[in-house]
Amino acid sequence: MPALLRQLSSLGGCTHPIRLDGHRTEHHLNQDTGEIGRILRHLDSTELPAGHLLVRCNNRRITRCAACAETYRRDTFHLITAGLRGGKGTSEGVATHPRVFATFTAPSFGPVHNRLTGPAGTVRRCRCGIRHDEEDDALGTPLVPDRYDYESAVLWNAHAGLLWRRFSIYLRREVAKRAGLSQRALRNHARLSFAKVAEYQKRGAVHFHAVIRIDGPDGGDSPPPAWATVELLTDAISEATSKAQVAGPVIDGRAHAFAFGGQLDVRPIRGADFNGGQELTDRAVAAYIAKYATKGAETATGALDRPIRLIAEVAHLDISEHARRLVRTAWALGARKALEHLRLRAWAHML
Ligand SMILES: [Zn+2]
Ligand SMILES: [Zn+2]
């Protein structure tokens, strides 16, 4: 037992360790002659207490392995914190650089049940006539499922990453324009840094949260130019967001194109000392990003956290009808030759 405990304790609580079979032998190597000499260490998996070499699964999803996801969440938190207030090899000067926390939404694919709050915490009626409870499963699901644009919803998720890349190119262009520089010249004056995370809204559409920072030409260690302000950055982000577009496939004569939804939220990030209550602190932002880094599509799909092998499985899954339709739409579109590159069947569980 002590030997087994020792082996298990190295896993940090991982509940689904990977079992490796095999052996490893380390030899002494003569640096001068290149000759391989005596054995230094020998490890044979069958001789280990568990009968295998166990290594952490390192899955970052909470639903798959709580312990490994927690490690990932904590690492992400420290990484983002370092990017906001310095530390771990990043200059503390970054805390004074203009940085914002922006949320980019998906467009509408049809009206959904929602919970709108009015003044003094009053809850307004949804379009269906009900005042929904916060926990209501109906929230985020379509008012009229047959009229919801499932095809676009699924294709949006598949193109969101590409749209983000397009946005980041436009953002550099918009920042350069406001600084009176060419895009090429911008590199000698300033650099943009991004940390982004995808979150699934209840309706199953991906949206992005991102920390965006302006540095000097050498990144975090160099002070940004005087023209680089939070206002300039905010303005450039909103212009780049409205311009970014990605052409999608043509399906049965319908040409898809993707752009962000109208609801863009950009907020300046202040240092920890500047916590007036209203402002976003670097700590809150880091915690938020780290939280979503360990989540998949579960907000919309419950426990569906791995690829689907047979579409027949979907009928038996404990997920909402809305999620089921999204998965089925992805699966059906995935059969089309022209959409092969999107790998819609492999990603159907991610909607
Ligand atoms: Zn694990
Ligand atoms: Zn409703």
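Which residues coordinate the zinc ion (ligand 2)?

1. The zinc ion (ligand 2) is coordinated by His 113 (ND1), Cys 126 (SG), Cys 128 (SG) and His 132 (NE2), at 2.0 to 2.3 Å. Donors here are N, O and S atoms within 2.8 Å of the metal (3.2 Å for Na, K and Ca), and sites may look incomplete because water is not among the atoms. Angles among the four donor atoms run from 106 to 117°, and the site is tetrahedral; four donors count as tetrahedral if all angles lie between 85 and 135 degrees. The spacing of the donor residues in sequence is H-x12-C-x1-C-x3-H.

2. This is a predicted model, in which local features need pLDDT of at least 70 and side-chain atom pairs count only at pLDDT 80 or more, whereas totals for chains, interfaces and linings use all residues. Residues are numbered from 1 along each chain as its sequence is written, chains are lettered from A and ligands numbered from 1 in the order in which they are written, and side-chain values use heavy atoms, with hydrogens and water left out.

3. Cys 126 counts as buried because its relative accessibility is 5%, and His 132 is buried with a relative accessible area of 4%. Buried means under 20% relative accessible area, exposed over 50%, and partly exposed in between (1.4 Å probe, protein chains only).

4. Cys 57 lies in the loop between strand 4 (53-55) and helix 2 (66-85) and Cys 68 lies in helix 2, so the pair ties together parts that are 11 residues apart in sequence. Helices (H or I, at least four residues) and strands (E, at least two) are DSSP runs, numbered from the N terminus. Cys 57 is partly exposed at 21% relative accessible area, whereas Cys 68 is buried at 4%.

5. An open sheet of five strands has the order 8-9-5-12-13, with mixed pairing; two strands pair if DSSP finds at least two bridges between them. Strand 8 (191-200) and strand 13 (280-281) stand at the edges, each with a single partner strand, so one side of each is left without a neighbour in the sheet. Strand 5 (residues 99-104) and strand 12 (residues 264-270) pair in the antiparallel sense over five bridges. Thr 103 has Asp 265 in strand 12 as its bridge partner.

6. Thr 241 is placed in helix 5 (residues 230-243) and counts as buried at 7% relative accessibility. Neighbours within four places in sequence aside, Thr 241 is in contact (heavy atoms within 4.5 Å) with Phe 104, Phe 167, Phe 260 and Leu 264.

7. The count of aromatic pairs comes to 13. Rings of Phe, Tyr and Trp (its six-membered ring) pair if their centres lie within 6.5 Å; planes under 30 degrees apart count as stacked, over 60 as edge-to-face and the rest as tilted. Phe 101 and Tyr 288 form an edge-to-face pair, 5.8 Å centre to centre with 90° between the planes. Phe 101 lies in strand 5 and Tyr 288 in helix 6 (residues 282-293), so the pair ties together parts that are 187 residues apart in sequence.

Notes:
Four donors count as tetrahedral if all angles lie between 85 and 135 degrees; four count as square planar and six as octahedral if opposite donors are over 155 degrees apart and all others between 65 and 115; anything else is irregular.
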